[in-house]
Amino acid sequence: MMVRTALEPSSMPSSSPTIHLETLSQAQRERLAFIEVKVYFCGEVRRADIENRFGIAPAAATRDLTTYRTFAPRNLSYDVSAKLYALGDHFSPLFELSAERALTWLRQGIGDGVYQPGKGFLPTDGAGLLAPPPIDKLASLARAVHQGQATRVSYLSLSSGSSQRVIVPLALVDNGTRWHVRAYDRKNARFGDFVANRIGKVQPLSNPVEEHETLISDIQWNRIVELELVPHPGIAHPEAVVADYGMVDGVLRAKVRAAVAGYALHRWQVDCSADHSLPANSHHLWLRNTPTLYAVESAMLAPGYHGVV
């Protein structure tokens with residue numbers, strides 16, 4: 001989440017000096033962000049909301065509301081009868097927030113602390129993962145990525161069954177249906193993807209990681225491909241798909257890493273056949289520039305793609 005560093009002159013009271021957000025503590029900036037998102041998406045915020053979320057005293061919550069109003073006096077309007085702050089008539093966010101994070105917050109509650117089931121602000125739901133990876137395994141892999149550490153793992157492969165591998169975990173990837181770790185595989189001397197749920201015990205190793213095993217050497221990870229997605233030619237009313245994806249001039253351009261391009265196209269159900277031969281009722285999008293998948297290893301997962309990788 002990024003913040004504006006100062007009040008814009010048009011939103012400051014004439015008698016107030018210029019105030020900079022970076023002079024506040026990180027904890028207070030987080031509380032101000034909470035105030036903003038709560039009133040933005042729910043239309044109201046109460047002092048008790050801040051007290052309950054952050055475990056602070058009423059006086060501290062009052063100071064936070066006062067501070068927020070100093071930065072953006074027109075964002076909040078106090079309702080005396082209801083004893084709450086409502087969304088102001090001239091709301092202009094202080095904090096930048098992605099729609100993806102906003103939706104997560106609405107579903108699970110704002111904050112990166114202790115997860116509280118059912119504490120989302122609005123009724124929401126979603127398909128979710130069928131089988132999220134065990135938290136202890138996820139933590140072990142995350143530590144290996146962060147510390148740049150090789151690990152010995154047992155792995156269940158669809159093609160070769162159970163085996164012992166020494167891998168260098170480099171990144172965690174959510175492909176929409178499951179999580180996997182991007183890693184250098186010392187057994188096969190190549191970069192690859194390992195499904196988190198198929199990894200057994202993770203044993204950290206002390207031997208050094210070579211430069212050719214690091215993310216900077218992973219060509220598929222560092223290569224960016226631009227996908228030109230258009231309504232499937234078999235759809236009778238393509239304008240509906242244009243509206244779905246906010247296309248500009250009938251095209252949605254998406255830049256993704258080559259290492260995850262195939263997963264993304266599969267998740268989005270994009271027809272990647274050169275002649276758009278897949279059924280339009282289940283593939284609303286068509287990849288117009290299929291040659292962009294040349295030499296993309298993950299392209300084997302793209303629906304209908306038969307190019308050479």
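A salt bridge is a side-chain nitrogen of Lys or Arg within 4 Å of a carboxyl oxygen of Asp or Glu. The model is predicted: local features need pLDDT of at least 70, side-chain atom pairs count only at pLDDT 80 or more, and totals for chains, interfaces and linings use all residues. Residues are numbered from 1 along each chain as its sequence is written, and side-chain values use heavy atoms, with hydrogens and water left out.

**Exercise 1. Identify the residues that are linked with Arg182 in a network of salt bridges, and place Arg182 in the chain.**

Step 1. The network joins Arg182, Asp193 and Asp218.
Step 2. In the bridge between arginine 182 and aspartate 218, the closest N and O atoms are 2.7 Å apart.
Step 3. Arginine 182 belongs to strand E8 (residues 179-185) and aspartate 218 to the loop between strand E10 (199-204) and helix H6 (219-222), so the bridge ties together parts 36 residues apart in sequence. Helices (H or I, at least four residues) and strands (E, at least two) are DSSP runs, numbered from the N terminus.
Step 4. Both arginine 182 and aspartate 218 are buried; the classes are buried under 20% relative accessible area, exposed over 50% and partly exposed in between (1.4 Å probe, protein chains only).

**Exercise 2. Describe the surroundings of aspartate 49.**

Step 1. Aspartate 49 is found in helix H2 (residues 47-54).
Step 2. Not counting residues up to four places away in sequence, aspartate 49 touches Phe34 and Lys38; contact means heavy atoms within 4.5 Å.
Step 3. With lysine 38, aspartate 49 forms a salt bridge of 3.4 Å, N to O. Lysine 38 lies in helix H1 (residues 26-42), so this pair ties together parts 11 residues apart in sequence.
Step 4. Aspartate 49 and lysine 38 are both buried.

**Exercise 3. Locate the salt bridge of glutamate 297 and state the exposure of its partners.**

Step 1. The side chain of glutamate 297 meets that of arginine 190 at 3.4 Å, N to O.
Step 2. Glutamate 297 sits in the segment after E14 and arginine 190 in strand E9 (residues 190-195), 107 residues apart.
Step 3. Glutamate 297 is partly exposed at 34% relative accessible area, and arginine 190 is partly exposed at 41%.
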